[in-house]
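Here is a quick tour of a few spots in one model. Have the sequence and the structure open as you read.

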Amino acid sequence: MNITKQNVDALNAVVKIDIVAEDYQAKVNTELEARRKKSTHPGFRKGEAPMDVIKKQHEIEIVVEEVNKLVQQSLNKFLGEEKLDLLGNPLPKANKDFNWNDKDFSFEFELGLAPEFDVDLAPAKNITKYSIFATDELLDKEIENIQVRFGSQLPVDAANEEANVTGTFVNEAKEINQKATVSVKEINGKANLEKFVGAKAGDVLELGTKGLFEDAHKLQEVLGVPHEAVHALDVNVSFTIDEVTKTEPAPLEKDLFDKLFVDGSVTTTAELKGKIKEDAEKQFEQHADQQLLNAITENLVENTSFDLPKEFLQKWLQTAGEKQLTPEEAAAEFERSEKGLRYQLIEGKVMRDNGIKLEYPELVDYAKGFIRSQMAQFGNANPEEKELNDIAGRVLQNQEEAHKLQSQLISHKLLAFYKEKMTFDTKEVSYEDFVQEVYK
């Protein structure tokens, strides 16, 4: 057997594997003899049919199996020894003269090679790094929301725009029969709002579902219909009112503070506002970090120039997924995925050049931190270490979950590296201005 590699250009190569009969014949003979011993043929005792009969029936099949196995093993070994940095998988080249009745065979595989390039971490124009603060208006609004959430419901005779209305939505044809509470301020459209204002317990309102709420997901919630049906839902429903109430906001005093912070760490409105500010700005920091990583990614992709084996990758994409793609579909898929592929190559280059590695114990610790924060949301602020280890072990056995956590941890490591090595223009903004500036 002989294996050679020929470089077509800097991004493409062809590996040729030449196989002669002596490379595979011994295994073929062994398998033929094994099948002969198990064979039953008319006129012969079990296992005593002539070898010519067995060969005629099975030899080509066995040769195909053994040669393909040998080719794959040899190719994998060769690629490992050569330490080639490949894109996609090797693609077999078609050979119109190939014949399994021959004794000697040649196989060729196309390779897509990763490009060589350098990454410049000093962009021509500094990237903006946002520092987001919570405004007094946002904090006051959140305190009002807390007061309403923990407030009391008091009955009123008739609904106004600040009232809550509880009743049952019905449409027999669509099998809707759902009791729900809606806030009048959530009702969308002047005509709909006029039906609610002044309504009393026992009244029946006839409503159209289309445009009843600004958010279709609210309609899904109050009617109890499937998500896939709610966006196109345009029917009439009757709404029989059972109760009309208004919310009496919870007073800002010890009873409310203790419900929010059972450890007694908050005793005044100023302290509550401080806690909300601290928590909000921690969340804002996560938004700012994600935006910064996105901006760095965009900058590196835009300013790191290298070629890709485009033709090879489009050909590879045709057979890489569960569904075979046409050349046109593969070309479109390449256009969609090219940017992500470029950043994957840049990311790998940055990590290799700067010794950024991901060790398994780090991934376990990261998973445990994620699990700990999830458990805290459900009231378990101090889980035992053994419990965390057990859950982390189960989570990391799930390849999809493990890959997701691994990607998140790599992003954290890279962002920390970029913050240390790159220069940014820092800009302090409110969360509202951040959203307007970045996402609008």
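This is a predicted model: local features need pLDDT of at least 70, side-chain atom pairs count only at pLDDT 80 or more; totals for chains, interfaces and linings use all residues.

Residues are numbered from 1 along each chain as its sequence is written, and side-chain values use heavy atoms, with hydrogens and water left out. Helices (H or I, at least four residues) and strands (E, at least two) are DSSP runs, numbered from the N terminus.

For burial, the cut-offs are under 20% relative accessible area for buried, over 50% for exposed and partly exposed in between, using a 1.4 Å probe and protein chains only.

**Gly-47 and helix H1**

Gly-47 also sits in a loop, the one between helix H1 (21-38) and H2. Is Gly-47 buried or exposed? At 13% relative accessibility, it counts as buried. Contact here means heavy atoms within 4.5 Å. Setting aside neighbours within four places in sequence, Gly-47 touches Arg-36, Lys-37 and Ser-39. Leu-113, by contrast, is 66 residues from Gly-47 in sequence and 51 Å from it in space, C-alpha to C-alpha.

As for H1 itself, its 18 residues should span 26 Å at 1.5 Å a residue, and the end C-alpha atoms are 25 Å apart, which agrees. That expected span is 1.5 Å times one less than the number of residues. The buried residues of H1 are Tyr-24, Gln-25, Val-28 and Leu-32, and they pack against strand S2 (12-19), H2 and strand S4 (105-113).

**H8 against H10**

How are two packed helices described? By the angle between their axes and the distance between the axes. Helix H8 (residues 269-303) and helix H10 (residues 327-353) pack at about 95 degrees, with axes 10 Å apart. That makes H8 roughly perpendicular to H10, a label for angles of 65 to 115 degrees. The axes are lines fitted to C-alpha atoms over the stretch in contact, with angles from 0 to 180 degrees between N-to-C directions.

On the H8 side, Thr-297, Glu-298, Leu-300 and Val-301 meet Lys-339, Arg-342, Tyr-343 and Ile-346 of H10.

Note on methods:
Angles under 35 degrees count as roughly parallel, over 145 as roughly antiparallel, 65 to 115 as roughly perpendicular and the rest as oblique.
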